[in-house]
Amino acid sequence: MANHRIIPVILLKNGRVVQSKNFKRHQVLGNPSSIVGRFSNWNADELIYLDISRDQNYDLNRDDLNFENRGSILEIINDFSKCSFMPLTIGGGIKTIKDVEDRLRAGADKVTINTEAYNRPQLISDCARICGSQCIVVSIDAKKVKPKTWEVFVDFGKKATGITPEDWAKKMEDMGAGEILINSIDRDGQGKGYDLELINNVVKAINLPVVAMGGAGAPEHFAEIIDYASPSGIAASNIFQYTENAVFEINSYLHKSGYNVRQPKIKSITHSGDR
Amino acid sequence: MLGLVNYGSGNYQSVCNALDFLSIDYLEIKTARDIANVSHIVLPGVGAFNDCMNRLEGTNLLDDLKREVLKNKKLFLGICVGHQILMSWGTEFEEKEGLGWIPGITKKLAPKDHLPVPHIGWTEVNHNGANELFKNINSGATFYFVHSYHRATEDNEDILATARYGDDFAAAIQRDNVFGVQFHPEKSQENGLQLLKNFSELKGI
């Protein structure tokens, strides 16, 4: 049995790591290389890196900290994968098979596609055929629109689609996606726990691994979603940025409580990710 | 010297990074002459069986690989799909003949308890501790898997290590000088790095 994966998500906007609240507010937290190095040292199970930049500007512009300026997301992936030997998923702005192949070649293991999967579902089956389903993650942003009813939104949560997350996840499974990342727009940045029903609905609807996202504010929230929906992966962003050793703490909490997670370990690979 | 076959596989760079990190010298294998110059060969692999096999056939390296591995007994390690194409037959998307260096065919995972497919995540790998490939790695150590297909065969003879995802399946196989691992050592943190180091230190047959 595969262990539940605890997955930090790093949101990148114009070369800076940011915090997100309800898909609207984005507060700058720092430089990606140092933050990525930290997660690597903490033995995270996997890392998701979502680029939410609206333009193609990845200039880190931090000469004061001795970081080189980085020209593109590909260089950031490249930097990361030289110091970190764990699975890396990259998302944001992917529109073509070439975008996917470039990211995989640079060192990503999976890519996640959101809006373009809606605009052009064929992209998912084309990518699956060439790169394999296992590296194609479709991410779905959903909002509760009525009691017990959720709707898929695209374009950074701005555009309603009229489709339920279950139906969309099923369609993406049929098109060849290998994993579904389901994110609650309502819970984004709230720290009050996952949208249990939304995630459970998607887990029940398909036979693909599902990664839950949106709302984690405490280790108990991870336990709660495993109990309720047992998703394959549990992702979160802010909690990992603000809490010291959060990966280790959450992993330890779950492991001690008897959940099926990897044995917690703090830093094992001795290599400086904090360049 | 270790050689890494570059045939356009998505995880080529990740394996390079792991070897760089371990300070293991390696050569990028692009031509027949490169194969002659190495003692150990690693075949990375990710994606679909037929696509990987087609790409490998497209390199014109196959005859030389066969000679150096099967006749000259150079040590060989296939990773993920690089391990699957060691089998004689693949069934992903379309049926495709594999290398046939180790008996078996690949089959889609159909785990009991309706576990999702692909199998993605960190899963315990069990071995008997006798093989040098798993030196300094505990049985039960976790490795990162991401796959929808696995080796299916009646014959358990070549199985070096197993993992359980609903049912037990072959996580690592070996026949003579040919090794294959279903997981991704280049993405399995310290356990994976140790395995790559172990392979690079294996003595020839």
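A crossing of two helices is right-handed if the near helix is turned clockwise from the far one by less than a right angle. In this predicted model, α2(A) passes α3(A) in a crossing of that kind, a right-handed one.

**Confidence**

The model has an ipTM of 0.90 and a pTM of 0.90. For chain B the mean pLDDT is 93, and 99% of the residues of chain B reach 70 or more.

**Chain A as a whole**

Chain A contains ten helices and twelve strands. Of the 275 residues in chain A, 53% are buried. When contacts in chain A between residues at least 6 apart in sequence are considered, 65% join residues at least 24 apart.

Two packed helices are described by the angle between their axes and the distance between the axes.

| Helix pair | Angle between axes | Distance between axes |
|---|---|---|
| α2(A) and α3(A) | about 25° | 8 Å |
| α6(A) and α7(A) | about 35° | 9 Å |

The axes of α2(A) and α3(A) pack at an angle of about 25°. Angles under 35 degrees count as roughly parallel, so α2(A) is roughly parallel to α3(A). On the α2(A) side the contact is made by A:Leu74, A:Ile77 and A:Asn78, and on the α3(A) side by A:Asp102, A:Arg103 and A:Ala106. By class, these residues divide into three nonpolar, one polar and two charged.

Helix α6 of chain A spans residues 165–175, and helix α7 of chain A spans residues 196–205. The crossing of α6(A) and α7(A) is right-handed. From α6(A), the residues in the contact are A:Pro165, A:Glu166, A:Ala169 and A:Lys170; from α7(A), they are A:Leu198, A:Asn201, A:Val202 and A:Ala205. The contact of α6(A) with α7(A) has five nonpolar, one polar and two charged residues.

**The interface between chains A and B**

Across the interface, 33 residues of chain A are in contact with 34 residues of chain B. On the chain A side, the elements that give two or more residues are α2 (73–83), α3 (97–106) and α5 (122–131). The residues on this side of chain A comprise 13 nonpolar, twelve polar and eight charged.

**Backbone geometry in chain B**

Most residues other than glycine have a negative phi, and most peptide bonds are trans.

The peptide bond that joins B:Val117 and B:Pro118 is cis, with omega about 5°. B:Pro118 lies in the loop between β7 (105–108) and β8 (119–127) of chain B.

B:Ser23 is not a glycine, yet its phi is positive, at about 55°. B:Ser23 sits in the loop between α1 (12–21) and β2 (26–29) of chain B. A residue is exposed if 12 or fewer other C-beta atoms lie within 10 Å of its own; B:Ser23 has 7 C-beta neighbours inside 10 Å and therefore counts as exposed.

B:Cys80, also a residue other than glycine, has a positive phi near 55°. B:Cys80 is in the loop between β4 (75–79) and α5 (81–84) of chain B. The cut-off for a buried residue is 20 or more such atoms, so B:Cys80, with 30 C-beta neighbours inside 10 Å, counts as buried.

Terms used:
Residues are numbered from 1 along each chain as its sequence is written. Chains are lettered from A and ligands numbered from 1 in the order in which they are written. This is a predicted model: local features need pLDDT of at least 70, side-chain atom pairs count only at pLDDT 80 or more; totals for chains, interfaces and linings use all residues. pLDDT is the predictor's confidence in each residue, from 0 to 100. Axes are lines fitted to C-alpha atoms, for helices over the stretch in contact, and angles run from 0 to 180 degrees between N-to-C directions. Helices (H or I, at least four residues) and strands (E, at least two) are DSSP runs, numbered from the N terminus. Two residues are in contact if their C-beta atoms, placed from the backbone, lie within 7 Å. Ala, Val, Leu, Ile, Met, Phe, Trp, Tyr, Cys and Pro count as nonpolar, Asp, Glu, Lys and Arg as charged, and the others, Gly among them, as polar. Angles under 35 degrees count as roughly parallel, over 145 as roughly antiparallel, 65 to 115 as roughly perpendicular and the rest as oblique.
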